[in-house]
Amino acid sequence: MTDLDLDSKAILNGLVYLDQHKQLPSSGATAGLSGHGAPVAAAVSEPARQRASPAAAGAGAAAPSIAAAVATYQVQATSGGMSPKTAARHFSSAGPHAIASLKVETSAVLKELARFRACDDQTMSCFYCREWAQWVYRKQISPQAAAAAAASGSGAAGGASAGSAGRKKKNKAVGAPSVASGAGAAAQQTQAAAAAEDAVASAAERKRAVRQRYTTVAELCESLRGLVADERRALAADDGEGAGGSSSRPASPGPQAAAAAGDERADALGSSTLINDITERVTLWYEGHQFPLADVYEDLTFDFPADAFPYDDHQDPLDPALLLPALQVTKAFVGLPAADFALLGNITSELIATHTYPTCQHTKADHPTPAELETQRLIFNAQLNKWRGDYRRSFEREMEPVWQITHLLLKSAQRIDAMRVRLFARGCRANRQQFLQTIRTRTMPFAEYWPAAAAALQAPEPAAVDALVADHLDNLLEVSATWSRTFLESYYGVAREFARELETILGECITMCDRRAQGLKYPPPLTLQPQLDAARSAISCLLPRLDARITRIQRVVSERNAEIRTGTEEVRRLWEETSGATAQAKLARAGNKDLRKRIKRIEYQQQTGVIAWAMRELELLLTAPDVAAVIADCLELLMTEAEILERAVAQVFVRKLEPNADDLREQRQDIIDDFTEGLLTGREELAGVIGKLMLKEA
């Protein structure tokens, strides 16, 4: 039987007839292309042989097959009113079939593809159909296709490294240690380059992720305000814990104990990362701007999954390529299950005839093979890579001035926060310790002061004992006055100067932005006035808010110092009334438990209620959330203006490159069209080859 004698519709109708009359091989049998017709012929019953037409009997004289019954059944089925499509539908849905599947050997398919005819029977130089059919088999049908697709990302690099490793071993065996060491250095350089590329890709991905998460400047600034609110809540919780902890009175209060109590809090305030977090998020956002022509200069690839058969819903149901997804391919066989036998009806005799007499009219000059198309793709991508690098660098240079003011504000914010930490957190703590060290003798608790002072009396006199008690009470009053007058007042001036410096820096950034914005022509709906008003309002509120906090500290410290003065006067009066007239009576009274408890209460009030409390309030005069809240309002203005300018710069850049981009789009589309045409041709021809072999088998 020749290829031209095959009629898929007739063979399908013959299979239906034999299936209805229980004349197919026993259940579970499989038709297989083995080079001999005896196993199939033995399954055909004698009545079927008798009903075969003389023409069919003559064609299959050597080894009759199922196809020998086709001619007679075609007439019977057609005369009985059953169309070929109805017969195929009956065969595919009538339930369990005697033939589980049709199989042909994989080697037979490869052999048939290898000897597939040329597209031009004159010069025999164009093998477009053959090469695309072989390409589709390798990429979509063969068992290795899925594994090759999964490893496509690393296969080329792995193969290159394996080949170079083999060459290295060979050179080493010959006896060239310098080559081996050079290869090791080259490998290290390759690994370092790969690591650098991975780092760049990871950074770019982070920037894109932030830009996609916050699509507008308003959303980004709202997230920054959320960070500020979280930090405020954390500070409030810490302040509550500190206030609660200070209510318990220590057994031996003193300046060193009070100083140590604030160290942990100062460390927490000094280690805040709020400004750095805001700087990082904003930087990632504005550096995440996309190259405006990224799709045009993206590398052209032909990669696709091994099972990618993008047939749309309106696909022609008679397309021969529909056979390919239904195939079950192993290393040895290509099979078609019984449920998909109807797809063999798409392999028409006209298609099979083109395998001998081509009608495609492909020419070598106008129809590139897969290898030629891959060469075109590589040349096109090399050109893209050069232009993409040049244009990206040019675009980045044009974008630098756009975000220059925002970048300046972020750097200024980091410097401001570092200065704030030095002044109000770590610096404040260091100055406090230095101040307490200078008045250490006057802040000694009475429980420590009295034993040493009393022991120094050689011949105690009543007046000398009274003077010792009065000196300690006077020291308490002097410490309170010195703390308020010397230490606190100096820090109030430092805080006001810092706030004015912050106002100046932020105001300069706002002024630069406003001046640049006046040169931009915004469409009528766009205006920066709301953001400008919010930023100016936030800056103008800095100093009044600071003055309000300073006034509160002054008022509370003054009230508590008054309480300390009242307490010392009560102790002084109690001492005068109850200490006695003799030195021994006064010494005994100085050791009285009630008197010492009163003095300890005053000392505790001074150390915790005045010094420690004032230190906490100084550290909170300007916190990281206070600075960050103002910066967030200023950033919304600067970034809104810069985003508008960014769009304008990108539009100008796109217009400048549009002619070149149009040419690249046309070249890309031409290559894609050639690839699509070759892919569809390869599918159809491969389906025709496999279908022809299966029809022969039937």
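Tyr128, Trp132, Trp135, Phe302 and Phe675 form one aromatic cluster. In this report, rings of Phe, Tyr and Trp (its six-membered ring) pair if their centres lie within 6.5 Å; planes under 30 degrees apart count as stacked, over 60 as edge-to-face and the rest as tilted. The model is a predicted one, in which local features need pLDDT of at least 70 and side-chain atom pairs count only at pLDDT 80 or more, whereas totals for chains, interfaces and linings use all residues. Residues are numbered from 1 along each chain as its sequence is written, and side-chain values use heavy atoms, with hydrogens and water left out.

**Aromatic rings and charges**

One member of the cluster, Phe302, also has a charged neighbour: Arg377 lies over its face, at 5.8 Å from the ring centre. A charge sits over a ring if NZ of Lys or CZ of Arg is within 6 Å of the ring centre and within 35 degrees of the ring normal. Another such arrangement involves Arg560, whose charged end is placed over the ring of Trp613, 4.9 Å from its centre.

The structure holds 19 aromatic pairs. Among them is the pair of Phe435 and Trp483, which is tilted, with 5.5 Å from centre to centre and 55° between the planes. This pair links distant parts of the chain, since Phe435 belongs to helix α18 (residues 426–438) and Trp483 to helix α20 (residues 462–518), 48 residues apart. Helices (H or I, at least four residues) and strands (E, at least two) are DSSP runs, numbered from the N terminus.

Are the two partners buried or exposed? Phe435 is buried, with a relative accessible area of 10%, and Trp483 is likewise buried, at 0%. Buried means under 20% relative accessible area, exposed over 50%, and partly exposed in between (1.4 Å probe, protein chains only).

**Packing of α20**

Two packed helices are described by the angle between their axes and the distance between the axes. Helix α20 packs with helix α23 (residues 583–590) at an angle of about 25°, and their axes are 8 Å apart. Axes are lines fitted to C-alpha atoms, for helices over the stretch in contact, and angles run from 0 to 180 degrees between N-to-C directions. The helices α20 and α23 are therefore roughly parallel to each other; angles under 35 degrees count as roughly parallel, over 145 as roughly antiparallel, 65 to 115 as roughly perpendicular and the rest as oblique. The crossing of α20 and α23 is left-handed, a term used if the near helix is turned anticlockwise from the far one by less than a right angle, while clockwise gives right-handed.

**The loop between α15 and α16**

Thr363 lies in the loop between α15 (349–353) and α16 (370–399). Its relative accessibility of 34% makes Thr363 partly exposed. The side chains of Thr363 and Asp366 are joined by a polar contact of 3.3 Å. A polar contact is a pair of N or O atoms within 3.5 Å; within protein, one must be able to donate a hydrogen and the other to accept it, and residues adjacent in sequence count only if both atoms are side-chain atoms.

Gln361 is also placed in the loop between α15 and α16. Its phi is near 60°, a positive value in a residue other than glycine. Gln361 is exposed, with a relative accessible area of 68%.

**Threonine and leucine residues in helices**

Thr568 is part of helix α22 (residues 542–578) and is buried, with a relative accessible area of 0%. A polar atom of the side chain of Thr568 lies 2.7 Å from the backbone oxygen of Arg565.

Helix α7 (residues 106–114) contains Leu110, which is partly exposed at 41% relative accessible area. Leu664 is found in helix α25 (residues 624–697) and is buried, with a value of 0%. Thr279 is in helix α14 (residues 274–287) and is buried, at 10%.

The table lists C-alpha distances for residues described above.

| Residues | Separation along the chain | C-alpha to C-alpha distance |
|---|---|---|
| Thr363 and Phe127 | 236 residues | 8.7 Å |
| Leu110 and Tyr137 | 27 residues | 9.0 Å |
| Leu664 and Phe380 | 284 residues | 8.8 Å |
| Thr279 and His407 | 128 residues | 8.9 Å |
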